[in-house]
Amino acid sequence: MLLGSVLNPINSTIIAVALVPIGRALGAPASQTAWLVSALYLATSLGQPVVGRLIDVFGPRRLFLLSTGLVGVAGVVGALAPGLGVLIGARVLLGFGTCAGYPAAMALVRSEAQRTGRDSPGGVLTALAVANQTIAVVGPLLGGLLIAVGGWRATFALNVPLAVAAVLLGMLRLPKAEPEAGRETGSEARPGAEPTAHPTGGCTRRGSLAARLDLPGMGLFAAMLVSLLLFLMNLHLCDWYLLALSAAAGAAFAVRELRAATPFIDLRVLGGNTPLLATYGRALVAYVVAYSFLYGFTQWTEEGFGLTPFHAGLAQIPMFLLAIGVSVVSGRSTSVRGKLLLGALGQIAACLLILTLGGDSPLWMLLLVALIFGVPQGLNNLALQNSVYFQADPERTASSAGLLRTFAYIGSMVASSATAASFGHHADTGGLHRLAWVMLGAGVLYLLLTLFDRTLGRAAGTGTRASA
């Protein structure tokens, strides 16, 4: 579970130090190598809820094995890629291949809780959060080491042994039991929806499978999300048609899901699950702040403050180390509301401190900002993950976890656009302060979404699901 869930963050972070060597080797400018980052985000944003839904239908084992096997294939393709186009294709494969790890882990935790009757997976959920944060620490450093030893292609080749290990462990350890036949068609039958039953009283295998997967719904969801993300990646008025296309696909998706017998995303159930919707909203604005800091603050430390790329990376380590410690300590508590409130206040405090920074600020102030950001980094990830676990429909745990990641990646796209708009051609102090105001606004919104959410009880496992 842990190995599968970190395949995505390791490929998200390791590419940061490989972009410049790849551009030099392939003769590609930064505007083109940026697609190596965006391609993985696009594929993952779309793939997380889709693969999560497939896990809900077929169980985690086969989807985990298939997807992690695809990671190994992508590693080979990337290591042997003759040009940037093939390399971008390899990143797309990595995005889809790494989609199963986190939803499968959440589904396995849920099924184990149902099997044992002990719905208290705090230790496992904390381990998942800590594992992902640990990878965020070592990813860039590991990437630099691999590039020094074997060149940028080694950062892709790394996926081969990781995928082999994940597949072997999955074959040996993951349970083979499948979901009960017809479980969802019985529990999610919709009033007024067209029946999928065969005239004889049974359901044809093909008809039942197509109805449970809702392929038209998945297609409309893909069109809506890809159009939106392409618009967010490069905000220009001339690209208004992408936003219009996303809105049209979204309207068609809503109509389809409200009429489907077994929808891809049950909008009626989701719409009535106020706690889960609030969690998704908090995730979006929380990750706008987090990714703005990771992208924007790091750029400023190099161009506006004068640190080398290596030292700029070292300046981030205090944040990640403190985040890991905060997750370990706070993971023992069942309180969700307290973690969310403290996380929001930590983001606001860090943003206010950024507004005081300048090119002549002492180095200890940069480290202090990183340390303060470590508190919300450790609290928010864990609290949002735990909230989804307890708030989601148990039959849709994997797809709900996938949607959490999708909202996080939308937040990352907003952060990327805000960073580009704030800095322009140079990451100077004025641009950092403009970005800090955007981050502060998102942090205040995050705080308000938490303060006025009356569905948040003392423990996520006691009150939130009932209110959903």
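Entry 1, helices α4 and α6. I began with the axes of helix α4 (residues 35–58) and helix α6 (residues 84–97), which come within 7 Å and cross at roughly 30°. That makes α4 roughly parallel to α6. On terms, I took helices as DSSP runs of H or I with at least four residues (strands would be E, at least two), numbered from the N terminus. Axes are lines fitted to C-alpha atoms, for helices over the stretch in contact, with angles from 0 to 180 degrees between N-to-C directions. Angles under 35 degrees count as roughly parallel, over 145 as roughly antiparallel, 65 to 115 as roughly perpendicular, and the rest as oblique. I noted the handedness too: α4 passes α6 in a right-handed crossing. A crossing is right-handed if the near helix is turned clockwise from the far one by less than a right angle, and left-handed if anticlockwise.

The model is predicted, so local features need pLDDT of at least 70 and side-chain atom pairs count only at pLDDT 80 or more, while totals for chains, interfaces and linings use all residues. Residues are numbered from 1 along each chain as its sequence is written, and side-chain values use heavy atoms, with hydrogens and water left out.

I looked up Tyr41, which lies in helix α4. Tyr41 is buried, at a relative accessible area of 7%. Here buried means under 20% relative accessible area, exposed over 50%, and partly exposed in between, with a 1.4 Å probe and protein chains only. Next I checked Gly89, in helix α6. Gly89 is partly exposed, with a relative accessible area of 31%. From Gly89 to Leu40 I have 9.3 Å, C-alpha to C-alpha, for a pair 49 residues apart in sequence. Val57 is also placed in helix α4. Val57 is buried, at 4% relative accessible area. I found the C-alpha atoms of Val57 and Ala398 separated by 9.7 Å, though the two are 341 residues apart along the chain.

The axes of helix α5 (residues 60–79) and α6 come within 8 Å and cross at roughly 165°. That makes α5 roughly antiparallel to α6. I recorded this crossing as left-handed.

I then turned to helix α16 (residues 274–303), whose axis comes within 9 Å of that of α21, crossing at roughly 160°. That makes α16 roughly antiparallel to α21. α16 passes α21 in a left-handed crossing.

How many salt bridges does the structure hold? I found 1, taking a salt bridge as a side-chain nitrogen of Lys or Arg within 4 Å of a carboxyl oxygen of Asp or Glu. Asp453 forms a salt bridge with Arg282, and their closest N and O atoms are 3.0 Å apart. Asp453 lies in the loop between α21 and α22 (460–467) and Arg282 in helix α16, so the pair ties together parts that are 171 residues apart in sequence.

Leu449 is in helix α21. At 32% relative accessibility, Leu449 counts as partly exposed. Leu451 is found in helix α21 (residues 429–451). Leu451 counts as partly exposed, with 42% relative accessibility.

Which residues make the nonpolar surface patch? I listed Val444, Leu448, Leu451 and Phe452, for about 370 Å². Patches are made of residues with over 30% relative accessible area and no salt bridge; like charges are joined within 9 Å, and nonpolar side chains (Val, Leu, Ile, Met, Phe, Trp, Tyr) within 5 Å. The areas come from the Shrake-Rupley method with a 1.4 Å probe, and for residues only the protein chains shown count as cover.
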